[in-house]
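Dear colleague,

Please find below the structure that I am handing over to you.

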Amino acid sequence: MTRGLFIMCPGQGGQHAGMFDLARTDPHAAALLDQAGISPDPATLFDNAVAQPAIVASTLAVWEALRAHLPEPMLAAGYSIGEVAAWSVAGAITAPDAIALCRVRATAMDHAAHVGPPQALAAISALAVDKAGALAARHGYEIAIVNDADACIAGGPQDNLAALGASVAAAGAKLQRLPVAVASHTSLMAPAQCAFDAALAALRFAAPAFPVLGGVNAMALHTEAQAVDALSRQLVQTIRWSDCMDAAVEAGVTVALELGPGAALARMMQARHPHMACRPVADFRSIAGIAAWVGRQE
């Protein structure tokens, strides 16, 4: 009997042309994808308006195929746009509503990005987060996501990226631009909040079957009011993913499964908590194989 299952829902970065293939082996998951009407075209998969709903659709389609074969999770959490998916995995939002919400979110964020100069996101590694934050601020950047004590994502004006990169390199660290054209989880997304908050207010929420860890504060959340607040705040505030991983372990989870495309969250969890049994669904060839692996964990 598996104890303490933790479901992790990814953000942008791991999408690819075959990201729906595993889910489409299940008829119910395939029907969900057909209803979503998203085509994983490599030419547009990294466009924000396509990426956000596609990633959440992929995540929730795999969950649709898996959920009857797994024990009820102890917790769920989502990285960036994955936080919307996490609330759906917990049963608080239907999958179609979650995908529709992502479309509103992406459109609002794209509009916010066009209010001023072009924006960018970049990963900064091998530099303490407080030092990275100080360097970022000098160039108009803010810390968007904290992944570890020396790894974070920063967002800000695209025109300042080269100067930020030079400062990071001078500090003996590394900067890598990410294929995202909006400064997610920074104050630059404030113009997106009105439209997104209206969409949140119109949603029908149910009581989640298990808690969701809020990305901004890594607290276990249980109610509609908490869900609405968390999803609104994370649009413009720093995501503390390292704290979410720690909070899950502190809560007693023993098995972590990353849904959706890619394996970034599983890699981060394994690096931070090596004792954790942790895999991404991308490791497997079949839904049955995923369920069997989870079932073998004790």
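Is Y79 buried or exposed? Please bear in mind throughout that this is a predicted model. Y79 is buried, since its relative accessible area is 10%, and buried here means under 20%.

**Aromatic pairs**

F284 is buried at a relative accessible area of 15%, and W293 is buried at 7%. W293 has a further neighbour, for the charged end of R279 sits over its ring, 5.6 Å from the centre.

**Helix 9 and its surroundings**

W241 leads us to helix 9, which covers residues 241-251. The buried residues in this helix are W241, S242, C244, M245, D246, A247 and A248. They pack against strand 1, strand 2, strand 4, strand 7, strand 9 (239-240) and helix 10. Just after the helix comes G252, which takes a positive phi of about 105°.

**Salt bridges**

Side chains of opposite charge can pair when their charged atoms come close. In this model the count of salt bridges comes to six, and I describe some of them here.

R272 and D148 meet through their side chains in a salt bridge, at 2.6 Å from N to O. This pair links distant parts of the chain, as R272 lies in helix 10 (residues 264-272) and D148 in strand 4 (residues 142-148), 124 residues apart. Both ends are partly exposed: R272 has a relative accessible area of 26%, and D148 has one of 29%.

R272 also forms a salt bridge with D246, where the closest N and O atoms are 2.7 Å apart. Because R272 lies in helix 10 and D246 in helix 9, the pair ties together parts that are 26 residues apart in sequence. D246 is buried, with a relative accessible area of 18%. Taken together, D148, D246 and R272 are linked in a network of salt bridges.

R233 is partly exposed at a relative accessible area of 28%, and D229 is partly exposed at 38%.

**Strand 2 and its partners**

On which sides of strand 2 do its residues point? In this strand (residues 75-78), L75 and A77 point one way, A76 and G78 point the other way, and all are buried. Strand 2 pairs with strand 1 (residues 5-9) in the parallel sense over four bridges, and in this pairing L75 is the bridge partner of F6. Strand 2 also pairs with strand 7 (residues 212-213), again in the parallel sense, over two bridges. There, A76 has V212 as its bridge partner.

Most residues other than glycine have a negative phi.

A126 is not a glycine, yet it has a positive phi of about 65°. It lies in the loop between strand 3 (119-125) and helix 5 (129-138). A126 is exposed, with a relative accessible area of 52%.

H185 is not a glycine either, and its phi is positive at about 60°. It is found in the loop between strand 6 (174-177) and helix 7 (193-202). Is H185 buried or exposed? H185 is buried, with a relative accessible area of 2%.

With kind regards

Methods. Residues are numbered from 1 along each chain as its sequence is written. This is a predicted model: local features need pLDDT of at least 70, side-chain atom pairs count only at pLDDT 80 or more; totals for chains, interfaces and linings use all residues. Side-chain values use heavy atoms; hydrogens and water are left out. Buried means under 20% relative accessible area, exposed over 50%, partly exposed in between (1.4 Å probe, protein chains only). Two strands pair if DSSP finds at least two bridges between them. A salt bridge is a side-chain nitrogen of Lys or Arg within 4 Å of a carboxyl oxygen of Asp or Glu. Contact means heavy atoms within 4.5 Å. A charge sits over a ring if NZ of Lys or CZ of Arg is within 6 Å of the ring centre and within 35 degrees of the ring normal.
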